[in-house]
Amino acid sequence: MTQFTSDKEAADALHRSYRELTSEISKVIVGQDEVVRLVLTAVFCQGHCLLVGVPGLAKTLLIQTIASTLDMSFNRVQFTPDLMPSDIVGAETLDKDRNFRFVTGPIFANIVLADEINRTPPKTQAALLEAMQEHAVTVAGRKYDLPKPFFVLATQNPIEQEGTYPLPEAQLDRFMFNITLGYPSYESELQIVKNTTGDAVNQLQKILHADDILAFQQLVRRVPVTDNVVEYAVKLVHKTRPNMPMASPQANQFLEWGAGPRASQHLIIGAKCNAILNGKYSPDIEDVQAVAMPILRHRIVRNFKAEAEGVTEEHLIRELM
């Protein structure tokens, strides 16, 4: 790991590393620049991501590619209705000497891909989400710390809802970003087809190590932020809370519930990281707006009127900004 003489030098190094990462990832992932930016922002902010999109949009490939450019351990868990908590966190087993020994589950990795998280029952979802919050698991009364850094990147298919177990709002709140993946443009899809129907194999370089990620996470926390930016972020969150003193007319009309304090925290830490990734040393209001949509999207609950009139979360957030 490189030692830096100042935070400014470290910020410049993070900016360069981000550009190298996006360049390396673009060898495999085409036309998802915004999604890549948000996932990497979450990595440097110690956050978790929920990726929502229809099948075939390379959600899993995107996460595997990002993991390939980071020199950290990576595990994938395919969530199914019969998956048990012990299948994720691990379990105690009897060894040949008849002593109990803890066998770690796939969650003991730096990056964990929770594929189709809404296909497993709440009991198993809760085991994963506890680990996301505590960065540790408890088995048979003993606490086991997870490796650092630790990220959960979960995917969800919004089309099929039969036989699924939607995440409750309290559990959705554990995810820093809710990222929606759209269809690629015509030009991007042309490039995707050319890249994936030949015999060429892209060898990805490891850009950052675990120690680098931990150092950059601490750097992001130290980024200075002015009071007016903090006030803007907190006011934005307060606007989403219906029937409260600072509620906006749109919130009173179309929302059942607004975002909690965790949204304000994520807005500021996300803005700090976004500023550094763009070569700045302190965030402004535009940096807050750059991360507001994926932070607030899953933290506001529309009422019946909004659903009946087709008013989406995205439309409401844009109105509030």
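The centres of domain 1 and domain 2, taken over C-alpha atoms, lie 24 Å apart. The domain assignment places domain 1 at 7-212 and domain 2 at 225-320; such bounds come from an automatic or database assignment. The model is predicted, so local features need pLDDT of at least 70 and side-chain atom pairs count only at pLDDT 80 or more, while totals for chains, interfaces and linings use all residues. Residues are numbered from 1 along each chain as its sequence is written, and side-chain values use heavy atoms, with hydrogens and water left out.

In domain 1, 23 residues are in contact with 19 residues of domain 2 (heavy atoms within 4.5 Å). The two domains bury about 1900 Å² between them. Carbon and sulfur atoms carry 61% of this area. Buried area is the accessible area (1.4 Å probe) lost when two parts are put together, summed over both. On the domain 1 side, Asp 173, Met 176 and Asn 178 lose the most area to domain 2. Together they make up 29% of what that side buries.

Two salt bridges are counted between the domains (a side-chain nitrogen of Lys or Arg within 4 Å of a carboxyl oxygen of Asp or Glu). Arg 262 and Asp 173 meet in a salt bridge through their side chains, at 3.0 Å from N to O. The elements that give two or more residues to the side of domain 1 touching domain 2 are α1 (7-25), α2 (33-44), α6 (169-172) and β10 (177-180). Helices (H or I, at least four residues) and strands (E, at least two) are DSSP runs, numbered from the N terminus. Helix α1 gives the most to this side, with six residues.
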